[in-house]
Amino acid sequence: MKNTTQTKYPIVLVHGFNGFDKIMGFPYFFNIDNSLKKNGAIVFTPALSAAHSTEMRGEQLLAEINKILKETQTNKVNLIGHSQGALTCRYVAAVSPELVASVTSVNGVNFGSEIADIALGVLNAKVIGDVATKIMDCFTKFFSLLSNKALLPQDYYQAIYSLSTEGTAKFNEKYPQGLPKEWGGEGNELESNGVYYYSWSGIIKSDACDNEGLNRMDPSHIILATLSQFFTKEKHQNDGLVGRFSSHLGKVIKSDYQMDHFDSVNQIANLHPKDPNPVDLYIEHAKRLKEKGL
């Protein structure tokens, strides 16, 4: 068991919007990095701007990767990004493919979020939008002070735009690697830039019984279940923030696991339906990467 997740290249876990590496010792990828390490993987969880454009976060990640490569004396990394973290990983793989062995999207916003579209509409409204932006910028800056890497630049509006349908469409025009050619399909597992692409995600299954579907012990799930009702294009196929098919990238491992947007990073603090166990998904994927020689 000890070396089952010992991939050739280090694994880098990349947090999403309003994310962090650790806040007061509490990790974003809850019990995921430790579980991977216990089974042999070398894992890093860098802190990026909690709220900013994908390109800004991508440049921050690129700088962190260069530090990781120097520290580990390797020449590539395996990137696993959650939510906006998937876009951030894709950016690095597109501009510096020689440094990336694989990109894995976990509940990634690869074709935008309908919730981000709604939020962008509010932010673009006169007066209300200005006030909302200032409030959220202050909140995000305060939140980041609790992270291990405080005082990173924050821009709430740029983050929401990057996550919107319009923002991701422009991003995808520049960086199409791994994207499916047809809606709901799969992209290339191995792209022309030499990078392997994978994805998995989940949906809220509201028709399941309470203890397996609507997790009433997890307050974040109640919020996400409510937000899921605002979707139109993927109304019954979303995780509360991202639609099922909007998350597809590269080889799709599975996109309808019973898990909401935060379950996929084992939040809040291991509160999630029994099946699947999100930690197991990361361990299984590390084994997959190892078998590929990555």
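Trainee: At what angle do the axes of helix 6 and helix 7 cross, and how close do they come?

Mentor: They cross at roughly 70 degrees and come within 4 Å. Axes here are lines fitted to C-alpha atoms, for helices over the stretch in contact, with angles from 0 to 180 degrees between N-to-C directions. Mind that this is a predicted model: local features need pLDDT of at least 70, and side-chain atom pairs count only at pLDDT 80 or more, while totals for chains, interfaces and linings use all residues. Residues are numbered from 1 along each chain as its sequence is written, and side-chain values use heavy atoms, leaving out hydrogens and water.

Trainee: Why is helix 6 called roughly perpendicular to helix 7?

Mentor: The label covers 65 to 115 degrees. Roughly 70 degrees falls in that range, so helix 6 is roughly perpendicular to helix 7.

Trainee: Which residues make the contact?

Mentor: Tyr161, Ser162 and Leu163 of helix 6 meet Thr165, Glu166, Gly167, Thr168 and Lys170 of helix 7 (contact means heavy atoms within 4.5 Å).

Trainee: How many charged residues line the largest pocket?

Mentor: None: its lining has 23 nonpolar and 7 polar residues. Phe17, Asn18, Leu224, Leu241 and Phe262 lie nearest its centre.

Technical notes. 1 Å grid on protein atoms, 1.4 Å probe; cavity = no way out; pocket = protein on both sides within 12 Å on 5 of 7 lines; lining within 4 Å. Nonpolar A, V, L, I, M, F, W, Y, C, P; charged D, E, K, R; others polar. Helix = DSSP H or I, 4+ residues; strand = E, 2+ residues; numbered from the N terminus. Parallel < 35°, antiparallel > 145°, perpendicular 65-115°, else oblique.
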